[in-house]
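The sequence and structure come first, followed by the notes.

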Amino acid sequence: MAGFIDAHTHLFPPEQARRRADLAAADPTFAEMYTDLRAKLADAPALRAAIERAGIDRAVAAGFAFREARHLAEQAEYLLAAASEAPDTIAPLPCLNLALPGWEAEARRWLSRGARGFGELRPHNQGWDPLGPDAQRLAHLAAESGTVLLWHVSEPLGHTYPGKRGGISPAELGQLATLVPEARMVAAHLGGGLSFYLQMPEVRQAIGNIYFDTAAVSLLYDEGSIARLVALAGPERVLFGSDFPLLAPRRQLERVIAELPPDAVGAVCGGNAASLYFGTSKP
Ligand SMILES: [Zn+2]
């Protein structure tokens, strides 16, 4: 079997972790999610240790949707450096703010230096339209470069939690995927219910470019939710992700494996992420 991959983790440079209070003062979304000191910020050695404990070989490391360019750039530099120190172990996804005039030049700069996509994208927190011309340009850029967009998608119903709102809605993501069908996009957190509409033939046909990850599933959904998602979307469209450091990759991987039909484990827990993010489906 191909090795396991955690397709949804987050890294911050140690310097940003040290400046946590300043970042919270400057950035309302960061403040919402990370003012509470129990909300962990992890660096690359912590990620590598956590996946090693879990028997996971590789990880997709995403950025945070800061509002300011300098905070995004500082984190992007760190993600790219972490990936180059551990080649073929960490796939870096810097984040972008499409409300900033220079976003496209930044995106191209990160791609030229090894970014495997962009995420975790939160358009409404940053104040840009996920269906507007810039968003469509970003989707085309992902398609041209063979990289992936990871979107924060949350549930329109249910309990609230820090960071729930401000991503892209399931309906908006479905519309964007329909507008740019060549772009491969991952809907985080089981896609906030978007998978339900795969049962409509025209929707199923229109959003074949959307994948779903399992990040934070144990905080959101009941047991059986991943198996139901796999039944709806197919094992080739679902990716195991923990949302580390929010949750421990080892426990999450155990939970996902326990829930999945055995013949889906290879694709969901590594194979799909290998071909999406690492350009290979072999171990
Ligand atoms: Zn998220």
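In this predicted model, the buried residues of helix α9 pack against α8 (133-145), β5 (148-151), β6 (184-187), α10 (201-206) and β7 (210-213). Helix α9 spans residues 170-179, and its buried residues are Pro 170, Leu 173, Gly 174, Leu 176 and Ala 177. These residues lie on the same side of α9, because the arc they cover around the axis is only 165 degrees.

Helix α12 (residues 225-233) can be described in a similar way. Its buried residues are Ile 226, Leu 229, Val 230 and Ala 233. They cover an arc of only 100 degrees around the axis, so they sit on the same side of α12. The packing partners of the buried residues of α12 are β7, α11, β8 (238-239), α13 (249-259) and α14. After α12 comes Gly 234, which has a positive phi near 95 degrees.

| α9 (residues 170-179) | Pro 170, Leu 173, Gly 174, Leu 176, Ala 177 | 165 degrees |

Helix α11 (residues 217-220) contains Val 217. Is Val 217 buried or exposed? Val 217 has 24 C-beta neighbours inside 10 Å, and therefore counts as buried. Leaving aside residues up to four places away in sequence, Val 217 touches Leu 190, Ser 225 and Ile 226. From Val 217 to Phe 240 the C-alpha to C-alpha distance is 9.9 Å, with the two residues 23 apart in sequence.

In soluble globular proteins, nonpolar side chains tend to be buried together. The largest nonpolar core here has 93 residues, and those touching the most other members are Ala 61, Leu 149, Trp 151, Leu 173, Met 185, Ala 187 and Val 268. Helix α14 (residues 265-277) supplies the largest share of this core, eight residues. Leu 173, a buried residue of α9, is among the contacts of Trp 151. Not counting residues up to four places away in sequence, Trp 151 also touches Leu 121, Gly 167, Ile 168, Met 185, Val 186, Ala 187 and Ala 188.

An open sheet of three strands has parallel pairing and the order β1-β2-β3. Its edge strands, each pairing on one side only, are β1 (5-10) and β3. From one strand to the next, the twist averages 20 degrees. Strand β2 (residues 58-62) runs parallel to β3 and is joined to it by four bridges. Val 60 stands opposite Ala 91 in β3. Between β2 and β3 the chain passes through helix α5 (residues 69-85), in a right-handed β-α-β crossover. Helix α5 lies across both strands, at about 165 degrees to β3.

In a regular strand the side chains alternate between the two faces of the sheet. In β3 (residues 90-93), Ile 90 and Pro 92 point one way, Ala 91 and Leu 93 point the other way, and all are buried.

Definitions and conventions
Residues are numbered from 1 along each chain as its sequence is written. This is a predicted model: local features need pLDDT of at least 70, side-chain atom pairs count only at pLDDT 80 or more; totals for chains, interfaces and linings use all residues. Helices (H or I, at least four residues) and strands (E, at least two) are DSSP runs, numbered from the N terminus. A residue is buried if 20 or more other C-beta atoms lie within 10 Å of its own, exposed if 12 or fewer, and partly exposed in between; C-beta atoms are placed from the backbone. Two residues are in contact if their C-beta atoms, placed from the backbone, lie within 7 Å. A nonpolar core is a set of buried Ala, Val, Leu, Ile, Met, Phe, Trp, Tyr and Cys residues joined through C-beta atoms within 7 Å. Two strands pair if DSSP finds at least two bridges between them. A crossover is right-handed if, with the strands pointing away from the viewer, the path from the first strand over the helix to the second runs clockwise. Axes are lines fitted to C-alpha atoms, for helices over the stretch in contact, and angles run from 0 to 180 degrees between N-to-C directions. The arc is that of the directions from the helix axis to the C-beta atoms.
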